[in-house]
Amino acid sequence: MQHEKSKEEDHSRLINITAKDLTARNRRLVEVPYTATLSHAMNTLVANSISSLPVAAPPGHWIGAGGSMIMESDKQTGAVRKHYIGILTMLDILAHIAGGENLSDPTDLDRKMGSQVSSIIGHCLEGLSLWTLNPGTTLLECMEVFSKGIHRALVPLESSIESSNTISGVELVESSSAYRMLTQMDLLRFLRDHHSDDLKDVLSRSVSDLRAVNESVYAVTESTTVANAINSMKSALLNAVPIVHAPDVAEEDHLQLINGRHRKVIGTFSATDLKACRLPELQTWLPLSALEFTEKAASGEGRETVSCTEEATMEEAIEKVVTRGVHRVWVVNQQGLLKGVVSLTDIIRSLRAALL
């Protein structure tokens, strides 16, 4: 009977967790104004080791991202100070740099990096999707939002909106004196650090048993250039792809994404890896193969590919993404051949299904 009681208390503890609790330890929001140059935005991403930035503009000039109206207002007077018009990701910046013909012309790079962020925001679908979650949104509701492939949301420190009229926590109109960012990674880090009995049972099950493995996995080959990899990833909305051994594919397959299943994984090419890269270096690296790039970028820290088998437990998968700071784990068989991928979205979706 005692065990039953603790299990119930435990579940109620998880149920009582809100978006406000999940962001309690997060720092102030890091953002850029819409007039910032890409160069400034990239430096801000690198200096804060983050991969996305909200873009702020004066009120009234812009329609918000995806029709949203997310504003920052003065705490005392309620006057709107600014409006968030979207999110800029590392991939947006890279695709802007890698687009076009003159990849080796340094003046072209300087010109591109001098562009205003407002001119490229929303080239990526994700750039346009800016969501807010009411601070009272429950953990399970946050999981529902993140299981739909939304990677991050702004949580107001105090909401102008009563939670009764929110649809599962997601809001399109919000005004607050300050926000914090809540990401999929924050949620998983929280679950890893606070796991309770009812979670323990779920976490000890394998990723395949929980149906977390996505079998469609796109890859680039050992000969795909950095520029081609970035452009293909941008159109497929992927922030990272495995690099696979593909000696047998047609010439044009080195220019685009291929089906990676049953091929040997030899590396990972990730947009966030390019954060460590200084602009003049980036210029010389665009024509290199993605594999050469990852070897150069990893020099000194040996960035081995983060992978697991289908038998790995959910707890092991979460531990890998959280400690290594990656957003997906490649699923391989005993021979190292690719079977699928488990992304943060897959983890959150399958955990939520198991908890419900």
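Hi everyone, let me start with the rings: the count comes to three aromatic pairs in this protein. By the rule used here, rings of Phe, Tyr and Trp (its six-membered ring) pair if their centres lie within 6.5 Å, and planes under 30 degrees apart count as stacked, over 60 as edge-to-face and the rest as tilted. One of the pairs joins Tyr84 and Tyr179, edge-to-face, with 5.7 Å centre to centre and 90 degrees between the planes. Tyr84 sits in strand β4 (residues 80-89) and Tyr179 in strand β9 (residues 179-183), so this pair ties together parts that are 95 residues apart in sequence.

Before I go on, a word on what you are looking at. This is a predicted model, where local features need pLDDT of at least 70 and side-chain atom pairs count only at pLDDT 80 or more, while totals for chains, interfaces and linings use all residues. Residues are numbered from 1 along each chain as its sequence is written, and side-chain values use heavy atoms, with hydrogens and water left out.

Back to our two tyrosines: are they buried or exposed? Tyr84 is buried, with a relative accessible area of 1%, and Tyr179 is buried as well, at 3%. Buried means under 20% relative accessible area, exposed means over 50%, and partly exposed is in between, using a 1.4 Å probe and protein chains only.

Another edge-to-face pair is Trp285 with Phe293, where the ring centres are 4.9 Å apart and the planes are at 70 degrees. Phe293 is buried at 0% relative accessible area, and Trp285 also counts as buried, at 12%. Bring in Phe269, and ring pairs link Phe269, Trp285 and Phe293 into a cluster.

Now, Ser270. This serine lies in strand β13 (residues 265-270) and counts as buried at 5% relative accessibility. What does Ser270 touch, not counting residues up to four places away in sequence? The answer is Asn239 and Ala240, where a contact means heavy atoms within 4.5 Å.

Ser176 is another serine to find on your screen. Look for Ser176 in strand β8 (residues 173-176); at 2% relative accessibility, Ser176 counts as buried. The C-alpha atoms of Ser176 and Val80 are separated by 8.8 Å, although these residues are 96 apart along the chain.

Let me zoom out for a moment. The protein has 14 helices and 16 strands, and buried residues make up 52% of its 356 residues. Of the contacts between residues at least 6 apart in sequence, 71% join residues at least 24 apart. The accessible surface is about 16300 Å², and 51% of that belongs to carbon and sulfur atoms; these areas come from the Shrake-Rupley method with a 1.4 Å probe, and for residues only the protein chains shown count as cover.

Next, the second largest pocket, which has a volume of about 230 Å³. A pocket, on a 1 Å grid over the protein atoms alone, is an open set of points where a 1.4 Å probe fits, with protein on both sides within 12 Å along at least five of seven lines, and lining residues have an atom within 4 Å of a point. Grid points are joined across faces, edges and corners, and the volume is the space filled by probe spheres set on the points.

Which elements supply at least two residues each to this lining? They are α2 (19-22) and α8 (184-193), with the largest share, four residues, coming from α8. By class, the lining has three nonpolar, two polar and five charged residues. Here Ala, Val, Leu, Ile, Met, Phe, Trp, Tyr, Cys and Pro count as nonpolar, Asp, Glu, Lys and Arg as charged, and the others, Gly among them, as polar.

Phe190 is one of the lining residues. It lies in helix α8 and counts as buried at 13% relative accessibility. Phe190 touches Ile17 and Leu22, leaving aside residues up to four places away in sequence. Most residues other than glycine have a negative phi. Arg211 has a positive phi near 60 degrees; Arg211 is in the loop between α9 (197-203) and β10 (218-221) and is exposed, at 67% relative accessible area. Leu237, also not a glycine, has a positive phi of about 55 degrees. Leu237 lies in the loop between α10 (226-236) and β11 (240-244) and counts as partly exposed at 41%. Thanks, everyone!
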